[in-house]
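Visitor: I have a chain on my screen and would like a short tour. Could you walk me through it?

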Amino acid sequence: MTLEDFHVHTAFCDGRDTPEELAEEALRRGFTALGFSGHAYMDDGRDWGMSREGASRYRQEIAALKKRCPIPLLCGIEQDYYAPDPPDGYDYVIGSVHGMRRGGRVCEVDSSLALFEQAVAEDYGGDVYALIEDYYDLAGGVADKTRCEIIGHIDLVTKWQEEKRLFDEQHPRYRAAAESAVRRLIPSGALFEINVGAMTRGCRTSPYPAPPLLRLIRELGGEIILSGDCHDRRALGRFLPEAAALARACGFMRCVRLVPGGREYVALY
Ligand SMILES: [Zn+2]
Ligand SMILES: [Zn+2]
């Protein structure tokens, strides 16, 4: 398995390190490529995105780094569903949903268990499946909305399930919402990522997405990419073997790697 990661955050958004520090760490660890994916600027009060000015410096800094780095570097962006600026000028786009807008408020599913529970109680009248249906309704449209190459953490709504069981992933309403999102996304040709970011952060012991969704993606002919969603160079490459093992267990024989201008297939065996 080649070591590489195309879902990596820098200090231009909510990551810890500069692009240069991350590239140096990738070289030390024997990576064959690295892709940066800064969070797009957000104008709704959420603070994990790059500033507009920061996004411009991010692109410039990575462009300069590409010229002197011995492995291919790609400059991507993680475009939230609601990001106001089009993701122009990047090598690739990861399209993600981190929360929903409802009644003028943002219902966060990603930030904390407390905010998730608050959204269920105050914005969905205690009906967690209504929140889930809204989440997957946006997730199913994220490829159309962002024109992404990669679909970020499709079942992010399960983030807190290990800390506190909030709903049943076998519930007909959960399954219908999640499966419908996958079916809507397949024709886009965008890659589904196996994302280990929550494992690195210590709030989960398994990657996104859950095996039933991964099996459905495989049955429908979807392709996958392995993502670290790394926010700290000390974690670069961590748990990617677990992501590959999950892909194999769900019947995938290959994953995709991004290369300048396109994609290549990598055998998982
Ligand atoms: Zn994300
Ligand atoms: Zn991310």
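Guide: Helices (H or I, at least four residues) and strands (E, at least two) are DSSP runs, numbered from the N terminus. This is a predicted model, where local features need pLDDT of at least 70, side-chain atom pairs count only at pLDDT 80 or more, and totals for chains, interfaces and linings use all residues. Residues are numbered from 1 along each chain as its sequence is written.

Visitor: How many helices and strands does the chain have?
Guide: By those DSSP runs, the chain has nine helices and eleven strands.

Visitor: What radius of gyration does the chain have?
Guide: The radius is taken over C-alpha atoms, and the globule rule is 2.2 Å times the number of residues to the power 0.38. For 269 residues, a compact globule would come near 18 Å. The chain agrees with this, at 18 Å.

Visitor: At what angle do H1 and H2 pack?
Guide: Axes are lines fitted to C-alpha atoms, for helices over the stretch in contact (C-beta atoms, placed from the backbone, within 7 Å). Angles run from 0 to 180 degrees between N-to-C directions. With H1 covering residues 19-28 and H2 residues 52-68, the axes are 10 Å apart and the angle is about 35°.

Visitor: How many residues of strand S11 are buried?
Guide: A residue is buried if 20 or more other C-beta atoms, placed from the backbone, lie within 10 Å of its own, exposed if 12 or fewer, and partly exposed in between. S11 (residues 262-267) is hardly covered, and among its six residues the buried count is zero.

Visitor: Which residue in S11 stands opposite Arg 257?
Guide: Strands pair if DSSP finds at least two bridges between them. S10 (residues 254-259) and S11 run antiparallel, joined by six bridges. Opposite Arg 257 stands Glu 264.

Note on methods
Chains are lettered from A and ligands numbered from 1 in the order in which they are written.
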